[in-house]
Amino acid sequence: MRYLSTRGGAERPGFCDILLEGLAPDGGLYLPEYYPKLDTQALESLRATYNTRGYAALAFEILSLYIDDIPKTDLKAICDKTYTQAVFGSPEITPLRACGEGVFVQALSNGPTLAFKDMAMQLLGNLFEYELARRGEELNILGATSGDTGSAAEYAMRGKKGIRVFMTSPNGRMSAFQQAQMFSLTDENIFNIAIEGVFDDCQDIVKAVSSDLVFKKRFKIGTVNSINWARLLAQVVYYFAGYFQAQKLFAPSAVSARVSFSVPSGNFGNVCAGHVARMMGLPIEQLVVATNENDVLDEFFKTGVYRVRNSASTFETSSPSMDISKASNFERFVFDLLARDGQATRALFEQGVAQDGYFDLSGHEAFKTQFAHFGFVSGKSTHAERLKTIASTLQAHDQLIDPHTADGLKVGREHLRPGGVMVVLETALPIKFSDTILEAVGQAPPRPAGFDGIEERPKRVIVMPANTQQVKDFMTEKCAL
Ligand SMILES: *Cc1c(COP(=O)(O)O)cnc(C)c1O
């Protein structure tokens, strides 16, 4: 399998080369040259694999379709080492639970940092370690996080040989628990940089540093943001696991129930993995894009206009990991929507987004027929609705859900069709956002074992203005040590 850029560049690297890179040299995002198509027989074979040999075996089968430059025995060992009950808390790894008629919540947040990002990041840590050792190379990871990516990356990379992590985050905008998770790490290869700005400022710095090709090469800069294809690929696996489980639980005799997924969305990485699963032939009915008050994606799917917001118009909400006004993975979907026309995609993002701040596909045939081909629908959820959903879910189903999952549940229910099944992806555990939980239900969420008192531990972080050069200087200094 070779990979291509959404902006039409000519290179066709293999998996292990893009594993260690971020953006393509032309500024685009990597996608596989084609999506391997699974016929009914192949799908049934994957179902049997999952049912009899479990999640790690399923992951290996799916990853093998996209990775041909790692020997199969090694790739299998990496999957087996990553997706264990010890790390993810249950033999199913991503178990489903019922939450009302036709509605399920798929638990993706029982890894080390209690958010779904562990699902991909734990795999990435093991892939990086493997590939760097094989090449005898080092890597400096530069990332941007609004909370969960950063801690998931740091917990996946801590103590790994040949890897340093430089993680930028918007100063003061993460929950106390999230800050404590990241800043309390004392591993010498982990550096926390709090930027005076919002998440998009952090993301812009990462993009600016990565597009300085001389600096990038000299310091072997890599990324772990959701633009990394390997992360997206890891996330494809749980759509299959969710689909198989939903059919089993909902209609054990007839595996015909139409399954939709509702995905709390920010950077469009999670739901883009659902898009890839659907393109491979997983019979997903609707892909529900759920946003919070930062509704740039909801606006696009409703109107065809993609209008990014600046920092000042990005709301600080009670589902903060979705406070994003420029969705970095969205370009991947637009590329597919435009029948993989790299020049057209480049024009939309270089002229439209970068210069005009928007593009409008409302008159485009591809947008008008989007649902038939790609199945996307959308909706948004506000603070009041979030609180109401958390409270009613506790009352009616005796389940405490986090604010992001609540957005997914609220919007997912709105799109549930008679006789259909809606799987809502649980993107974090409530403990990460206890202020909002307290506000919603008047009680603090339970704290999982091992997290007692982390807010009181010493913090290891440097605060900086939103200035690319200062970040570069800091990295230069630390890499020289
Ligand atoms: C990252 C994150 C999201 C958004 O996921 P994207 O892949 O960026 O769309 C939603 N909820 C939580 C809790 C997250 O950490």
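Helix H19 is mostly covered, with eleven of its 13 residues buried, where buried means under 20% relative accessible area, exposed over 50% and partly exposed in between (1.4 Å probe, protein chains only). The model is predicted: local features need pLDDT of at least 70, side-chain atom pairs count only at pLDDT 80 or more, and totals for chains, interfaces and linings use all residues. Residues are numbered from 1 along each chain as its sequence is written, and side-chain values use heavy atoms, with hydrogens and water left out.

**Helix H19**
- Helices (H or I, at least four residues) and strands (E, at least two) are DSSP runs, numbered from the N terminus.
- The buried residues of H19 include Pro 403, His 404, Leu 409, Val 411 and His 415.
- The 13 residues of H19 (residues 403-415) should span 18 Å at 1.5 Å a residue, and the end C-alpha atoms are 19 Å apart, which agrees; the expected span is 1.5 Å times one less than the number of residues.

**The six-stranded sheet**
- Six strands form an open sheet in the order S3-S4-S14-S9-S10-S13, with mixed pairing; two strands pair if DSSP finds at least two bridges between them.
- Strand S3 (96-98) and strand S13 (376-380) stand at the edges with a single partner strand each, so one side of each has no neighbour in the sheet.
- On average, neighbouring strands of this sheet are turned by 25° against each other, direction ignored.
- S3 and strand S4 (residues 103-107) run antiparallel and are joined by three bridges.
- Arg 97 stands opposite Val 105 in S4.

**Helices across the sheet**
- H19 lies across S4, S9, S10, S13 and S14, at about 130° to S10.
- Helix H12 (residues 269-279) lies across strand S9 (259-264), strand S10 (284-291), S13 and S14, and runs at about 170° to S10.
- Axes are lines fitted to C-alpha atoms, for helices over the stretch in contact, and angles run from 0 to 180 degrees between N-to-C directions.

- Val 289 lies in strand S10 and counts as buried, at 0% relative accessibility.
- Leaving aside neighbours within four places in sequence, Val 289 is in contact (heavy atoms within 4.5 Å) with residues including Val 263, Phe 301, Gly 379 and Val 411.
- Thr 427 lies in the loop between strand S14 (421-426) and helix H20 (434-441), and Thr 427 is buried, with a relative accessible area of 5%.
- Not counting residues up to four places away in sequence, Thr 427 touches several residues, among them Ser 109, Asn 270, His 404 and Thr 405.
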